[in-house]
Amino acid sequence: MDARDVQSIPLFAGLSKDDQKVVAQYADEVDVDAGKVLAQEGRLAYEFFAIKEGTAEVTLGGEPTAALGPGDFFGEIGLLGGDRRVASVVATSPMSLVVLTGSQLRAIDSRMPGVAERIRTAMAQRIAANRVASG
């Protein structure tokens, strides 16, 4: 993966050029078709996804809860906050995704704790927002 692709994702945009290169070394780019199930609620979590292109729908208990697009990310809660997916995500258009597995994310964390901290901070904000919305 190219470091420019990493820079195009808002979560990683503020990283130094060197840090973006490291993330690019670990990350994979994957293209998927519309209709592809990317995460299934209750299943074990193995990957973190950031959307380069395309759209997806998030459902919780079968009910739509969010629409995702370029720059959005998902999968961090199950990967870092536990071991199970807390929602389902399905591609609603062809998508280009940046993917990090749990082991890749842990490797980045050990080399660059600031990157994983950004993801954890975003995860905490998302969890807090979900609590407010459901409470």
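**Entry 1: two helices**

Is the crossing of H3 and H5 left-handed or right-handed? I looked it up, and the crossing of H3 and H5 is right-handed. I noted the rule too: right-handed means that the near helix is turned clockwise from the far one by less than a right angle, left-handed that the turn is anticlockwise.

Before going on, I wrote down that this is a predicted model, in which local features need pLDDT of at least 70 and side-chain atom pairs count only at pLDDT 80 or more, while totals for chains, interfaces and linings use all residues. Residues are numbered from 1 along each chain as its sequence is written, and side-chain values use heavy atoms, with hydrogens and water left out.

Two packed helices are described by the angle between their axes and the distance between the axes. For H3 (residues 17-26) and H5 (residues 102-111), I found that the axes come within 10 Å and cross at roughly 155 degrees. The axes are lines fitted to C-alpha atoms over the stretch in contact, and angles run from 0 to 180 degrees between N-to-C directions. The two helices are therefore roughly antiparallel, a label for angles over 145 degrees.

Next I asked which residues meet there. Val22, Val23, Gln25 and Tyr26 in H3 meet Gln104, Ala107, Ile108 and Arg111 in H5. By class, I counted five nonpolar, two polar and one charged residues in this contact. Here Ala, Val, Leu, Ile, Met, Phe, Trp, Tyr, Cys and Pro are nonpolar, Asp, Glu, Lys and Arg are charged, and the others, Gly among them, are polar.

**Entry 2: the whole chain**

I stepped back and found six helices and eight strands in the protein chain. These are DSSP runs numbered from the N terminus: helices (H or I) have at least four residues, strands (E) at least two. Along the sequence, the pattern reads α-α-α-β-β-β-β-β-β-α-β-β-α-α.

Of the 135 residues, 41% are buried (buried is under 20% relative accessible area, exposed over 50%, partly exposed in between, with a 1.4 Å probe and protein chains only). Among contacts (heavy atoms within 4.5 Å) between residues at least 6 apart in sequence, 74% join residues at least 24 apart.

**Entry 3: salt bridges**

How many salt bridges does a search of the whole structure find? I got two, each a side-chain nitrogen of Lys or Arg within 4 Å of a carboxyl oxygen of Asp or Glu.

Lysine 52 pairs with glutamate 29, with the closest N and O atoms 2.9 Å apart. Lysine 52 sits in strand E3 (residues 47-53) and glutamate 29 in strand E1 (residues 28-32), so the bridge ties together parts 23 residues apart in sequence. Lysine 52 is buried at 18%, while glutamate 29 is partly exposed at 37%.

Glutamate 47 and arginine 85 form a salt bridge at 3.5 Å, N to O. Glutamate 47 is in strand E3 and arginine 85 in the loop between helix H4 (76-80) and strand E7 (88-91), 38 residues apart. I read 26% for glutamate 47, which is partly exposed, and 7% for arginine 85, which is buried.

**Entry 4: two single residues**

Alanine 27 lies in the loop between H3 and E1 and is buried at 3%. Leaving aside neighbours within four places in sequence, I found alanine 27 in contact with Met1, Val98, Val99 and Leu100.

Glutamine 7, in helix H1 (residues 3-7), is partly exposed at 34%. The C-alpha atoms of glutamine 7 and glutamine 20 are separated by 6.7 Å.

Technical notes. Parallel < 35°, antiparallel > 145°, perpendicular 65-115°, else oblique.
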